Structure formats: structure tokens, C-alpha cells
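Me: I am new to this structure. Please show me how to read its features, one at a time.

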Amino acid sequence: MLRYPVVSSRAALRENPPGVSLLLAAGLLLAFVATAALVPDEAVFRAKLFWSRGLLLLSGAAVLLGQALGGRLQAPHPGLLLASLGPALVAIGWLALGDPTSAALARDEVGRLVLFPAALWAAGSTLAWAPARRATLMLIGAVSLVVGIHALAQNLAGVLELPIDREPRSFSTFGNPVMLGAYLVLVLPFLVLHATYSRGSTRWLHAIAAGFCLPALLTTGTRSAWLGFLVALLTGVTLLAPTRRHRVGLLLAIAVFGGALFVFKQPDLGRESAHPLIWRDSLAMVAEHPTGVGPGQFLVEFLPYASTELLDFYPRASHTINDVHSEPLQVLVELGWLGLVAFLIPLGLLVRAVISLLRSSALDDSDRLLVTSGAAALAGALVQSFISPDLRFGISPMIVGLVAGMLLSFSPARGFAVPRGSLVLVVAALLWASVAISTSWSGLRLERLVTPDAPDAQLSAAPPIDPATLDAIEKRAINEPDDWTAHFDAGVIRGRAREYGRAALAFRRVLELYPRNLPALRNLGLCEALSSQHDEAMDDLEAYLALNPRDETARYFRARSAWYLGELAVALAETERLLTQNPTHRDGLLLLEKLRE
């Protein structure tokens, strides 16, 4: 049973212990907080996302199981919780009626959209237990300290003799400076405000963590995160300062910080950005597709709408424009006006719930400090999301949901009685848990496929070639210029020697002599792909696959060439078709993860 004891002392806790399901949910939620901060993120194997998502979903499943066994289904602000499912329901409805270009991206986006309500449910229900809430706050301080130290070490590695590579823009364990900036915007208000206003030993933990995380935020070079943090800090100070004089002093200190930021980070602040061009071209998509292009489909649908100015700034062969860099605008682009309304409704309900909490007289000083810190963090994250893609990263909506759930946990839970041990709810909780385990298992399977600097399977080392054999075959091709077999053999031997450009010339000559030679057409496309002649490879492999659609190697290399050319819609379509044929194709799975990245 999920039971929330009223605890005023350790003796009271011993007399009225929490239920097993609550302890399990709280433990899983704490493991999620630690994993989301400390597990390193990688380019292909997204360990941080896989494990964090699995732990969060398991925590939510434990909450549901406890409530099913206890005979009451409840949550704080159930209307807000249900409304937060709106974007995911709109996405599912779109998929039921529409046909997305990429099914993989559509599934990913639906999965991302349920992360916020899942975190809201797990945190809002579990953190109503005050010891779990205090433990979460302490753990945020501890793991943020590690993240901040790591980020500073990355930035100072070129100055100090440290055993890590120097990073001009720190990313710590997050793999991307924008992701680290988004994380710091959400945790720094807790650290700074508790270091300033709280009492007791935890104050020093938060003060030390803030001392490392504040400069770490600067090292990210992420302007949207700087703006978000300043908004969060202004919000927190305005709400907490006891007197006008105190408030003015703190605001002046913030102004000095902003001025120093402007002076010392001028190169980052003046860095050229193409965001306005992306926003302008995205609005053209909205005008043509008022119902949206489909969940997760911006990546593959945007290119025809990209202006010449934008493509000059981001050449498609070397850059991928995978986000709108504005969460509300991307929701509008992908889910249409209905999706935007579904996005704004829970946002409005959350703002109303937070304002109601801040006006409540039932909170003591420590609780009010925690609620104010969370409100400041959410305000900063909201402002940041308007000019940043941070909520597109799976970790960010989960942490936003954690913070929002922590605030909602101060509100009384509302719900209704259900049959104790309801079979339907128990089965639903077990299915939920199985989804959580499955998502982590899929990550483990992908991890086993990944090896450092692993080459494509098709590029494994060939046995050495006898120079005399190579010379003989070359001479035969020269002496018998109209014999297609001589040129075919020359192409094969050059391909084995990894001289793919010369091999492609030989196979091209074969097709001039024998236009219907399918093996030569296949080999020509593969050698073109392997010699970076990707435009030619795309055409030749397309022609070959039209005649032999079951060839997995040819399809993989066509997808690979499309990826190199920035033709992401083609790359995703070919990769998904390949994995439909062979769901365990190693290089296909890795390429799909690169495309999802």
C-alpha cells in the first residue's frame, strides 16, 4: 500500500512507517535523480536517457501498484496531470489519421511527450512524503556538485594539468553544452536560494555546489541558459527577499552579475545565430500545414522550407537542422494549432497551481523556500524553452516534471476509491513496469552493439592481395578493353585493396559494355559510397534496389550516403525499411541512433 505517514520525529516514523510501495517508489525516484545527473551521455548509446527513463517509469509504476493495492487512486491536481497528457494524445490522434514520413521519429516523439506527465505523477505522488522530499533536495545538491566540478575541470584542462581533454564549452556528463545548461537552470535556483536562506548543515552542501555550478553555467557558452538562470534568480529573489531594501540589494547584485557576464562573455553573446531564420522558415511550414507535419517529423520535413540564407549558414552536407529551437513553435509545427492549445492548457494550470501554493499560509518557512526555488526553476526553464531546444532532450522534460511534481506534492491529493487490489490497475501497473524494463533493455542491447571506433561491418579488413595477381588483372583490363569480365575482375581486386575510387571506374566501364549487369551495378554503388561519391551512389543504389529490394548491404549504404548528404528523410526511410527486413542489422541500428541523435 502507498502510505504517507505524518512524521514529526524519528519515533513517530518508527510507529507509523511508510508503505513498501512508497519506499520503492522513493528509492527509484532518487536513483533517477542520480542517474540523470551522473551517468555520462554518449553520441549513439544514450545511457543517461535509457537508464533515467527506465527508473522514472518504474517509480511511477510502483506508485500505481501501491495505490491499486491500497484501494484508492489519487494524485495532487489530477486535472493538471490529465491535461499534461494532452500533447501526447494529440500526437497519437495525428498518427491514427496521418502517415508520418518516419515512424521511428514519430514513436520517439510520442515517448518524449509522455515523460513530463510520468515524472509529474511519480514525483507528485512520492514526494508528498516529507522525508523523500528532503532526501531528493539533498541528493540534487550532491550530484550537482559532481556535475559542476566535472564541467569546470573540462574547461580548465588546458590551463591545469588534468587527465581529461579540454572543452571550450563544457558539457560535463550531458554530452552537449545546451543540455548541461538546461540542467543547471533547473537545479541552480535550489542551490542558490537554499544556500542564501536555509538553515542547518544542508545549507553548506548547497552553497558549495552552487559555488561550482555557477561558473560551470558560464563555461557552457549557452546564452539561453544564462537568460533562463537570470530569470529564475530574479523570480526567486523577488519572492523571497524579506524587505524592499534587501530585495533591491540582491537585484543590484544580479545586475552586477549580468554586467560581468556581458563584459567577460562578449564573444559568446555576440556569436552569430541562425535561430531567427529557423523560426521564420518554420512559420512557413505552419502556414502550409495548420494541422502539423506530424510528431517528430520536423527533422525530415523542414528541408524544403529552409531558405537559401539558412542553408548558407548551415550547409546541409555538414549540418543538420533538427530542431526549431523553440519548444512552443516546434509543437505548433509538428502538432498544429490543436497541439499548441494542448501544450498551453497544462502550462496555464501549472502556473495557477504554483501561484496558489505561493499564496498559501499553510507552508512553513522551509517549505515556502522549496516551493519558491521550484517556481523560480520552472520560470527559468520556461523562458529558456522559447529560444532553445532543451526540452527536445529526453532528460529535460523528466527533470522539469520532477520539479513540478515536487511543488504539486505540497497540495492535497484528490482521487476516488477503487476495489482494493483491483486486477485492472495491478495489471496496468505491471504493464507500465514492463515498458520501463523494456526501454532499459533496448538500451542495453544497443550498448552491446557499440564498440569504440567500430568500423562498419562491411568494411572489415580483407586478406592481403598478391601484387603479381593485381598486376596481371590490371594488364588484362588494359589489353582487352572491350571485355567486361576483365574490367569486372579489376574492380573486384581494387575493391578488395580498398581503392574504391578506382574500383568504381572499373565497374562503370563494365556497365558501359554490359548495361544490365546487376552485380556490377551493385558494386558500383557500394564503391561510390565508400569513396565519398555519395550523389552518384544514391542514384546507382536506387536503380539496383528497384531490381533487388532485399539486398540489405545496398540499402544500408544508400541510407548511409543519404545521411552524409543531409538527405535525412531518405536516410530514415531506407534505414527503417532495412530494419523492417532485418531488425537486428547492427549497422542499421547504429545508423538509426545517429539519425535520431
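Reply: What follows goes from the whole chain to single side chains. Keep in mind that this is a predicted model.

Me: How many helices and strands does the chain have?

Reply: Count the elements before anything else. Here there are 28 helices and two strands.

Me: What share of the 597 residues is buried?

Reply: Burial is judged by relative accessible area, with under 20% as the cut-off. By that rule, 52% of the 597 residues in the chain are buried. Among contacts with a separation of 6 or more, 71% are between residues 24 or more positions apart.

Me: How do I read a helix pair? At what angle do α18 and α19 cross?

Reply: Take the axes, then the side chains. Helix α18 covers residues 365-385 and helix α19 covers residues 395-408. Their axes come within 9 Å and cross at roughly 145°. The crossing is left-handed.

Me: Which residues meet there?

Reply: From α18 come L370, V371, G374, A375, A377, L378 and A381. From α19 come V400, V403, A404, M406 and L407. Sorted by kind, the residues of this contact are eleven nonpolar, one polar and no charged.

Me: Now a loop residue. Is H325 buried or exposed?

Reply: H325 sits in the loop between α16 (308-313) and α17 (327-359). Its relative accessible area is 17%, so H325 is buried. Next, list its neighbours. Leaving out residues up to four places away in sequence, H325 touches H275, I278, W279, Q330, F386, I387, S388 and P389.

Me: What about rings? How many aromatic pairs are there?

Reply: Ring pairs are found by the distance between ring centres, within 6.5 Å. The count comes to nine aromatic pairs. One of them joins F488 and F507. It is edge-to-face, with 5.5 Å centre to centre and 75° between the planes.

Me: Which parts does the pair of F488 and F507 tie together?

Reply: F488 lies in helix α22 (residues 484-496), and F507 lies in helix α23 (residues 500-513), so the pair links parts 19 residues apart in sequence. F488 is buried at 18% relative accessible area. F507 is buried as well, at 1%. The two rings also belong to one aromatic cluster with W484 and Y514.

Me: Which rings have a charged end sitting over them?

Reply: Look for a Lys or Arg end above a ring. The charged end of K48 sits over the ring of F174, 4.1 Å from its centre. For R133, the ring is that of F410, and the distance to its centre is 3.9 Å.

Notes
Residues are numbered from 1 along each chain as its sequence is written. This is a predicted model: local features need pLDDT of at least 70, side-chain atom pairs count only at pLDDT 80 or more; totals for chains, interfaces and linings use all residues. Side-chain values use heavy atoms; hydrogens and water are left out. Axes are lines fitted to C-alpha atoms, for helices over the stretch in contact, and angles run from 0 to 180 degrees between N-to-C directions. Helices (H or I, at least four residues) and strands (E, at least two) are DSSP runs, numbered from the N terminus. A crossing is left-handed if the near helix is turned anticlockwise from the far one by less than a right angle, and right-handed if clockwise. Contact means heavy atoms within 4.5 Å. Ala, Val, Leu, Ile, Met, Phe, Trp, Tyr, Cys and Pro count as nonpolar, Asp, Glu, Lys and Arg as charged, and the others, Gly among them, as polar. Buried means under 20% relative accessible area, exposed over 50%, partly exposed in between (1.4 Å probe, protein chains only). Rings of Phe, Tyr and Trp (its six-membered ring) pair if their centres lie within 6.5 Å; planes under 30 degrees apart count as stacked, over 60 as edge-to-face and the rest as tilted. A charge sits over a ring if NZ of Lys or CZ of Arg is within 6 Å of the ring centre and within 35 degrees of the ring normal.
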